[in-house]
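These are my notes from going through one model, entry by entry. I looked up the overall figures, then helices, salt bridges, cores, rings and backbone angles.

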Amino acid sequence: PMYQMTQDDVDDLRHLMPEYELIEGSAYGYAQVSSDSGTVDVGITGANASYLSMTGQVRLAEGRLFTTQEETSGARVVILDRAGVQALFGGADAGVVGKTVRLDNKDYTVVGIDESMPMTGSGSGSTYITVYMPLATVLADFSGGYEYLSQVVGIANEGVDIDALMETTKTQVAAVMGIPDDQIDEGVYVYSMKSQIDSMNGFMNSFSLIMGAVAGISLLVGG
């Protein structure tokens, strides 16, 4: 069976697991737009400011992250990286905070610029960029009616026993997702990511869970 997490599942985990300082979800969407330079494929990450800060995915060069009000209301606001500014406005250094971008016939106001400038070529010859919106916005505008999360990331409180937390989290995720006991080992996978992030500032240990290879949970454990 396919196990897919929703925001309600994340809310349940927050209440069940006070060992975590934060647990936040994200979701992905897709759009395609035309620009003067050709077709632009837009990968959309829906995540709130605390998620973006926790994972370090966005490092602002201009503007700001999303406000709580924008996150709660599902406001149509967006953060672009430099590649997105280049592709959509014709120059990576164009001043675009406060301007709008049109995706799927809806207008989104640019509130921030990520400093990164990733490679943007795709195999089809079009340009590929990533943009960020509040989680509720992506679930409302780009989920196709299926409000499933793509990933959940959490950071635990200091002093947590990591091995014990891994087992507890696995059990709690299975309970929240309704995974039968005889399918937990098959449906919930836990593996250590410590070696992959030792070089990252701010994180000491982590592990990930993937339910049915559909919804992933990366739990970043600070200590």
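For the entries below, I call a residue buried under 20% relative accessible area, exposed over 50%, and partly exposed in between. The model is predicted.

**Entry: a ring pair.** I searched the whole structure for aromatic pairs and found two. For Y146 and Y148, the ring centres are 6.3 Å apart and the planes stand at 20°, so I logged this pair as stacked. The cut-off I needed here is that planes under 30 degrees apart count as stacked. I then checked the accessibility of both tyrosines. Y146 has 57% relative accessibility, so I put Y146 down as exposed. Y148 has a relative accessible area of 35% and is therefore partly exposed.

**Entry: overall figures.** I counted eight helices and 11 strands in the protein. The protein has 223 residues, and 47% of them count as buried. I noted an accessible surface of about 10,800 Å², with 47% of this area belonging to carbon and sulfur atoms. Next I took the contacts with a separation of 6 or more: 65% of them are between residues 24 or more positions apart.

**Entry: helix α1.** Which residues of helix α1 are buried? I found D9, V10 and L13 buried in this helix, which spans residues 7-16. Looking down the axis of α1, I saw the buried residues fall within an arc of 100°, so they line one face of the helix. D8 and H15 are exposed on the other side of α1.

**Entry: salt bridges.** My search of the whole structure gave six salt bridges. I wrote up three of them.

- R14 and E24 meet through their side chains, at 3.1 Å from N to O. This pair links distant parts of the chain, with R14 in helix α1 and E24 in strand β1 (residues 20-35), 10 residues apart. R14 has 32% relative accessibility and so counts as partly exposed, whereas E24, at 11%, is buried.
- E70 and R64 form a salt bridge with an N to O distance of 2.8 Å. I have E70 as buried, because its relative accessibility is 9%. R64 is partly exposed, with a relative accessible area of 33%.
- R102 bridges to D107, where the closest N and O atoms are 2.8 Å apart. Both ends came out as partly exposed: R102 at 48% relative accessibility and D107 at 41%.

I also checked for networks of salt bridges, and found D11, R14 and E24 linked in one.

**Entry: nonpolar cores.** Which members of the largest nonpolar core touch the most other members? This core has 42 residues, and the answer is V42, L80 and M133. I listed the contacts of V42, leaving out residues up to four places away in sequence: G29, Y30, A31, V33, L103, I129 and V131. Another core lies apart from the largest one; this other core has 13 residues, including F66, A75, V77 and I79.

Entry: Most residues other than glycine have a negative phi. D104 is one, with phi near 50°. N105 also has a positive phi, of about 65°, and is not a glycine. Where does D104 lie? I placed D104 in the loop between β5 (100-103) and β6 (106-114), and N105 lies in the loop between β5 and β6 as well. Is N105 buried or exposed? At 65% relative accessibility, N105 counts as exposed. D104, with a relative accessible area of 37%, is partly exposed.

**Entry: T168.** I located T168 in helix α6, residues 162-177. T168 has a relative accessible area of 31%, so I marked it as partly exposed. Which residues does T168 touch, not counting those up to four places away in sequence? I found M17 and E19. T168 and M17 are 151 residues apart in sequence, and I get 8.7 Å between their C-alpha atoms.

Technical notes: Residues are numbered from 1 along each chain as its sequence is written. This is a predicted model: local features need pLDDT of at least 70, side-chain atom pairs count only at pLDDT 80 or more; totals for chains, interfaces and linings use all residues. Side-chain values use heavy atoms; hydrogens and water are left out. Rings of Phe, Tyr and Trp (its six-membered ring) pair if their centres lie within 6.5 Å; planes under 30 degrees apart count as stacked, over 60 as edge-to-face and the rest as tilted. Buried means under 20% relative accessible area, exposed over 50%, partly exposed in between (1.4 Å probe, protein chains only). Helices (H or I, at least four residues) and strands (E, at least two) are DSSP runs, numbered from the N terminus. Contact means heavy atoms within 4.5 Å. A nonpolar core is a set of buried Ala, Val, Leu, Ile, Met, Phe, Trp, Tyr and Cys residues joined through side-chain atoms within 4.5 Å. Accessible areas come from the Shrake-Rupley method with a 1.4 Å probe; for residues, only the protein chains shown count as cover. The arc is that of the directions from the helix axis to the C-beta atoms. A salt bridge is a side-chain nitrogen of Lys or Arg within 4 Å of a carboxyl oxygen of Asp or Glu.
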